Amino acid sequence: MAEAAPGPPVKMLAAQLRGAVRGAGGMWELSRAEAGRAPLRLRAVWMQGTVMEVELGGSHGGSARLQDGSGPFTVLGVEAVPKGRPCLNAGNYVMVMGVVRSCSPEPVLRAIKMTDLSENPVHKNMWSLEVEDLHRVIP
């Protein structure tokens, strides 16, 4: 039987993603045993956070260090993704969709898309609740 294709990016907090372990086929597995559920398999994630620092150039196509309230995470390839209006400024609150490269000691993503969400503080205020709500209903 063929393995299922990876699903859409999963909303995650940095603290959750730190607990994921590498699984088969480039997937990552997040244990949900405490909830009596099977591990969540993922490859791509949707994360949001405040830009703490940006490093342009280099072999990774630029990188940004973000903080989402649960912990820091790093995004690689920030110069090569669609961004809409400029969002790579320290202090901006941004959304990042990316492929997980590493989870420990902290998450590292390869960016697919970035968007500035700074204009509406509701995005930041509701993010952890959105993630919590989603993880309650994912089978």
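**Strand pairing, a tryptophan pair and salt bridges**

Lysine 11 stands opposite tryptophan 46 in strand S5. The charged end of lysine 11 also sits over the ring of tryptophan 46, 4.8 Å from its centre. A charge counts as over a ring if NZ of Lys or CZ of Arg is within 6 Å of the ring centre and within 35 degrees of the ring normal.

This is a predicted model: local features need pLDDT of at least 70, side-chain atom pairs count only at pLDDT 80 or more, and totals for chains, interfaces and linings use all residues. Residues are numbered from 1 along each chain as its sequence is written, and side-chain values use heavy atoms, with hydrogens and water left out.

**Strands around S5**

- Helices (H or I, at least four residues) and strands (E, at least two) are DSSP runs, numbered from the N terminus.
- Two strands pair if DSSP finds at least two bridges between them.
- Strand S1 (residues 10-11) pairs with S5 in the parallel sense, over 2 bridges.
- S5 and S8 run antiparallel and are joined by 7 bridges. Glutamine 48 stands opposite methionine 95 in S8.
- S5 and strand S6 (residues 63-67) also run antiparallel, with 5 bridges between them. Here glutamate 55 stands opposite serine 63 in S6.

- Valine 100 lies in strand S8. Valine 100 is buried, with a relative accessible area of 5%.
- Buried means under 20% relative accessible area, exposed over 50%, and partly exposed in between (1.4 Å probe, protein chains only).
- The C-alpha atoms of valine 100 and methionine 52 are separated by 20 Å. The two residues are 48 apart along the chain.
- Proline 105 is in the loop between strand S8 (93-102) and strand S9 (108-116). A cis peptide bond joins serine 104 to proline 105, with omega about 10°.

**The tryptophan pair**

- The structure holds 1 aromatic pair. The rings of tryptophan 46 and tryptophan 127 have centres 6.3 Å apart and planes at 20°, so the pair is stacked.
- Rings of Phe, Tyr and Trp (its six-membered ring) pair if their centres lie within 6.5 Å; planes under 30 degrees apart count as stacked, over 60 as edge-to-face and the rest as tilted.
- The pair links distant parts of the chain, 81 residues apart: tryptophan 46 is in strand S5 (residues 44-55) and tryptophan 127 in helix H2.
- Tryptophan 46 is partly exposed, at 24% relative accessible area. Tryptophan 127 counts as buried, at 1% relative accessibility.

**The S2-S3-S4 sheet**

- An open sheet of 3 strands has the order S2-S3-S4, with antiparallel pairing. Its edge strands are S2 (21-22) and S4 (37-42), and each pairs on one side only.
- S2 and strand S3 (residues 28-32) pair over 2 bridges, in the antiparallel sense. Valine 21 has glutamate 29 in S3 as its bridge partner.
- Glutamate 29 also forms a salt bridge with arginine 41 (3.5 Å, N to O). Glutamate 29 lies in S3 and arginine 41 in S4, so the pair ties together parts that are 12 residues apart in sequence.
- Both ends are partly exposed: glutamate 29 at 26% relative accessibility, arginine 41 at 34%.

- The structure holds 5 salt bridges. A salt bridge is a side-chain nitrogen of Lys or Arg within 4 Å of a carboxyl oxygen of Asp or Glu.
- Arginine 136 meets glutamate 132 in a salt bridge (2.4 Å, N to O). These two are 4 residues apart in helix H2, separated by about one helical turn.
- Arginine 136 also meets aspartate 133 in a salt bridge (3.9 Å, N to O). Both lie in H2, 3 residues apart, about one turn of the helix.
- Salt bridges that share partners join Glu132, Asp133 and Arg136 into one network.
- Arginine 136 counts as exposed, at 54% relative accessibility. Glutamate 132 is partly exposed at 41%, and aspartate 133 is partly exposed at 44%.
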